Amino acid sequence: MHIRETSRPVLPRHAKLRFDDARQRWVWLAPERVLAPDDIGVEILQLCDGIRSVEQLIDQLAARYAADRGEISRDVITMLQDLADKGFLTEAREKTS
């Protein structure tokens, strides 16, 4: 998967983002793995719903933090591409009838 602003990233079926009460933090559960993303990573992952495009995700974060869109774009695309390269992120597909 190559991340572009038109991509609609989503967590694969085998991965779940959950709040762990014992650890009091968000964790990403995948087969034989538990990842603990930082707060910004969690926020980005929560927006990866397969509906929003990367462009929409970036716009939302830039508005929320009143930050430079270019900087947000670089950071988000780099993070999402790294996750996609490791198989932790996939692209939403159109439903076919």
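Ile72 touches Ile58, Leu61, Ala62 and Ala67, leaving aside residues up to four places away in sequence; contact here means heavy atoms within 4.5 Å. This is a predicted model, in which local features need pLDDT of at least 70, side-chain atom pairs count only at pLDDT 80 or more, and totals for chains, interfaces and linings use all residues. Residues are numbered from 1 along each chain as its sequence is written, and side-chain values use heavy atoms, with hydrogens and water left out.

Ile72 sits in helix H3 (residues 69-85); helices (H or I, at least four residues) and strands (E, at least two) are DSSP runs, numbered from the N terminus. Ile72 counts as buried because its relative accessibility is 15%, where buried means under 20% relative accessible area, exposed over 50% and partly exposed in between (1.4 Å probe, protein chains only). Leu29 lies 43 residues from Ile72 along the chain, and their C-alpha atoms are separated by 26 Å.

Now to helix H2 (residues 54-65), where you will find Leu57. Leu57 is buried too, since its relative accessible area is 0%. Beyond four places in sequence, Leu57 touches Ile44, Leu47, Cys48 and Val76.

**Pockets**

A pocket is an open set of points on a 1 Å grid over the protein atoms alone, where a 1.4 Å probe fits, with protein on both sides within 12 Å along at least five of seven lines; lining residues have an atom within 4 Å of a point. Grid points are joined across faces, edges and corners, and a volume is the space filled by probe spheres set on the points. For the linings, Ala, Val, Leu, Ile, Met, Phe, Trp, Tyr, Cys and Pro count as nonpolar, Asp, Glu, Lys and Arg as charged, and the others, Gly among them, as polar.

| Pocket | Volume | Lining residues |
|---|---|---|
| Largest pocket | About 200 Å³ | five nonpolar, two polar, five charged |
| Second largest pocket | About 170 Å³ | six nonpolar, no polar, two charged |

Ile72 turns up again in the lining of the second largest pocket, alongside Ile40, Glu43, Ile44, Leu61, Tyr65, Asp75 and Val76. Helix H1 (39-47), H2 and H3 are the elements that give two or more residues to this lining. The largest pocket has Arg8, Pro12, Asp49 and Arg93 among its lining residues.

**A hairpin**

Strands S2 (residues 16-20) and S3 (residues 25-30) run antiparallel and are joined by five bridges; two strands pair if DSSP finds at least two bridges between them. Leu17 stands opposite Trp28 in S3. Four residues lie between the strands of this hairpin, and Gln24 takes a positive phi near 55°.
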